[in-house]
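User: I would like to learn how to read a protein model. Please take me through a few features in turn.

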Amino acid sequence: MLENVPIHGSRSDIKSKPPTHQRNLSLDFRHLTSQASGPPPGCGHQRNRSLDSVLQRIPEDMTPTSPEGAPLRLSNEAPAPRLALPPEVPTGSDDSGIHTPPDGNDDDRPQPPAAARSRESLDSGNPEESDKPPDPPYNADEPLVNTMCVSDSSKKKDFLLRLFESKMFDMSMAISYLFNSKEPGVQTYLANKLFSFPHEDVDFYLPQLATMYIEMGDVADVLRPYLVYRCKQSAEFSLRLAWLLTAFCGDAKRSRATKLRDSILAEEIRPAARRGHHRSQSDASALRLAAPTGRHLGDLASGRAFDNGCLCGEQCSCGAQCSCGAPRLAPQLQFLTALTNIGRRLAGVADKERRNGRLRAELAALDLNLPARVWLPLHQKPNYVLRIPPHAAAVLNSKDKAPYIMYVEVLETEGHEPLPPRLLPPAPPAPHSPPIRHTKSEENLVPEWPALSLYSALDDSDAGDCWSHEDEELSTQYTAKLPAPDSLSQVSAMSAMSGVSALSTSSCGSRESVAVGAGEVRRRLADATAEPPPNAFRRDPQDPSALALKESWESKLARMRSASPYGALAGWRLLGCIVKVGDDLRQEMLAAQLLRRLQAVWELERVPLRLRPYEILCLDRECGLIQPVLNSVSLHQIKKQSGKSLRAWLELEHGPPTSEGFLRAQNNFVESAAAYALTSYLLQLKDRHNGNILLDSTGHIIHIDFGFIFSISPKNLGFESSPFKLTGEFVDVMDGESSDMFAYFKILILRGLLAARKHCDQIIHLVDVMRMGGQLPCLRSSSAVSAFRARFHPGRTEPQLRALVDRLVRDAMHSLSTRLYDNYQYYTNGIL
């Protein structure tokens with residue numbers, strides 16, 4: 001006889017039912033078990049699991065698992081006997097999967113085993129919120145147990161875990177779920193998941209992680225193990241996290257973030273010391289007696305301002321801790337503090353040309369403390385700073401602040417190479433030496449003369465014209481002792497006329513003596529007397545950076561490497577860096593994140609839109625470092641230096657309109673202009689004058705300075721009402737409104753909007769997380785995020801989006817506010 005199977009209600013209510021049909025047992029997985037037990041308490045009825053429900057609970061690797069996740073091995077012995085049916089009763093099944101025996105007593109039917117909690121529950125082992133007690137621990141000797149009673153919440157957790165374990169789950173989704181989930185088990189799982197992601201993926205979302213650590217206490221508890229682990233692994237990560245906590249943790253009530261920041265800066269979170277070999281007792285005693293002090297840290301006059309006092313020589317820039325326990329973060333903090341202090345002092349100098357001389361004098365004093373175990377954090381690879389050539393630095397064009405650009409010589413290293421020795425400059429020439437140029441250059445002053453080096457800032461960028469305003473001021477001090485100075489070309493001419501085959505002389509900006517042959521002398525004479533190319537920039541006292549920025553990066557790299565005493569090293573690299581003081585770079589950092597995400601989306605969707613994201617590092621709320629855009633000058637500098645229109649400048653640089661070079665530059669211009677037009681519309685970029693728009697050497701348009709985005713504008717006037725900047729000069733470069741290039745421009749905007757809308761959630765949640773705490777002025781409006789989402793137009797069809805793009809382009813072309821704002825910048829700040 002068949003045994004009864006409970007269908008509804010308790011067993012006392014079960015009575016024999018008329019025969020209907022029987023489910024085919026080949027689709028029932030219960031024959032895999034041989035144990036029988038009653039249903040769990042609280043389960044009113046029991047439903048047989050159909051084939052599709054069983055398959056849904058098997059993970060993607062198709063390996064049957066136990067409730068604790070251990071893989072199960074099915075026995076190779078004889079299978080358990082199936083239920084025997086009378087021969088006169090046909091078998092069958094209904095859609096519900098409930099067995100309906102034809103007759104007999106239900107009490108004689110064996111009961112299914114008790115339900116076991118799924119291993120996929122994300123509640124950290126807590127029992128389900130139900131009346132049933134926790135399940136007994138799993139026995140590895142027991143066969144596979146069926147889950148007979150699954151709640152809706154458990155099913156959701158099962159599917160959520162399968163999403164977390166899938167290949168499509170990335171860091172973007174992890175941040176979104178970590179921000180939105182309120183379940184402790186899910187938060188703990190996601191925090192542990194961070195250990196499996198590549199470091200560069202996590203570092204991209206470090207501002208969001210720091211914000212959640214400050215504002216969300218439950219998330220902070222689960223994030224702390226990962227953050228502490230990364231701080232022990234990397235000194236650079238430690239400093240980046242500390243700087244972000246400083247920038248966003250402005251309230252003393254946020255003690256959690258403040259304590260973590262103070263622990264990092266006090267170097268309480270540090271890696272274990274290296275154990276390369278066992279020291280003898282005498283060595284250990286010597287180390288204890290001579291503990292590292294770092295007493296010269298921060299003293300630029302000592303020549304060891306960035307020396308941490310390491311005694312064992314094992315300190316490295318990658319973050320590992322040396323054996324003697326020397327500080328690993330203090331030198332880097334002192335190095336960046338010295339750079340930002342220079343910017344603060346420059347802001348007090350009114351004249352722009354005098355700012356340039358003061359900058360080079362300050363960098364000359366700082367350069368006396370290099371090389372050192374400090375690094376430029378904008379560069380991704382580990383590096384040591386070897387030298388900062390003072391003559392290559394320049395103050396950028398700014399009315400109130402004094403941001404400056406400098407070029408840093410670094411040595412790429414894996415962290416274990418020894419620090420290169422300092423290559424001292426040669427001794428100053430004798431007083432009777434004719435070329436006073438070499439006597440007063442900061443490149444030829446020994447460290448014993450720090451006072452003189454502070455006032456020897458010269459412009460060595462162009463060797464043909466060796467005199468500057470500072471040269472004339474200094475030369476008046478030596479008129480009684482020295483003859484009139486000669487330029488480099490005059491020195492070379494004398495050597496050529498005297499017939500000397502080789503002359504040992506110090507080149508401008510070099511610390512080493514080089515041999516100059518007669519052929520080299522003739523080449524230098526020709527270069528000095530030749531007319532500059534038509535697209536060359538002239539020296540502008542009101543904008544000292546124009547000449548330095550116009551020089552191609554390749555030419556600058558070759559020139560500075562040949563003049564550097566460290567240029568022969570294999571890992572030598574030249575890096576650029578902009579130091580900005582007095583501006584809040586947190587909004588620019590968020591804008592750079594959004595630009596990088598948009599560029600990744602367009603590359604994934606194969607849309608030929610070109611953005612140029614650049615690195616921004618916030619040191620606190622009012623200063624930071626910016627990665628410069630190489631081979632580019634602003635539209636203001638182009639118009640001021642050449643006096644030509646934008647199209648005429650492109651023809652001057654790339655050739656006539658029918659040439660291949662111009663057509664390539666025109667195509668680059670259209671693709672980049674469309675990318676920044678769409679970005680300006682989505683982010684509501686303001687303050688779009690010609691000083692904040694660059695043009696590179698290949699024709700790409702590049703926007704910089706994202707201090708006004710979303711709901712804010714300069715002085716909160718809301719003056720710029722245009723969706724993006726599209727002037728008549730831009731349209732002229734595209735051959736006019738009726739041209740194919742202009743139609744291509746509008747098609748690119750449409751394709752870019754469709755692609756961005758497809759991935760808009762990955763973009764919006766970056767802004768949504770940063771809105772917490774109200775730290776960013778651009779996100780203090782309650783409608784900033786909702787308005788940002790609305791600009792993706794998720795409910796519009798493609799024809800409607802095409803009409804929208806046509807309207808946006810038309811409004812931008814005929815915008816009166818754009819022309820008025822350009823005129824305002826010209827009359828107030830002199831920006832063309």
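User: What share of the contacts in the protein chain with a separation of 6 or more is accounted for by residues 24 or more positions apart?

Analyst: Contact means heavy atoms within 4.5 Å. Here residues 24 or more positions apart account for 74% of those contacts. This is a predicted model: local features need pLDDT of at least 70, side-chain atom pairs count only at pLDDT 80 or more, and totals for chains, interfaces and linings use all residues. Residues are numbered from 1 along each chain as its sequence is written, and side-chain values use heavy atoms, leaving out hydrogens and water.

User: How much of the protein chain is buried?

Analyst: Buried means under 20% relative accessible area (1.4 Å probe, protein chains only). Of the 832 residues in the protein chain, 49% are buried.

User: Which residues touch the most other members of the largest nonpolar core?

Analyst: In soluble globular proteins, nonpolar side chains tend to be buried together. A nonpolar core is a set of buried Ala, Val, Leu, Ile, Met, Phe, Trp, Tyr and Cys residues joined through side-chain atoms within 4.5 Å. The largest one has 178 residues, and Met212, Leu241, Met406, Trp602, Leu726 and Phe745 touch the most other members. Helix α23 (residues 660-683) gives the largest share of this core, 12 residues. Helices are DSSP runs (H or I, at least four residues), numbered from the N terminus.

User: What is leucine 726 in contact with, leaving aside its neighbours within four places in sequence?

Analyst: Leucine 726 is in contact with Val731, Met734, Phe742, Phe745, Val809, Ala812 and Met813.

Notes
Buried means under 20% relative accessible area, exposed over 50%, partly exposed in between (1.4 Å probe, protein chains only). Helices (H or I, at least four residues) and strands (E, at least two) are DSSP runs, numbered from the N terminus.
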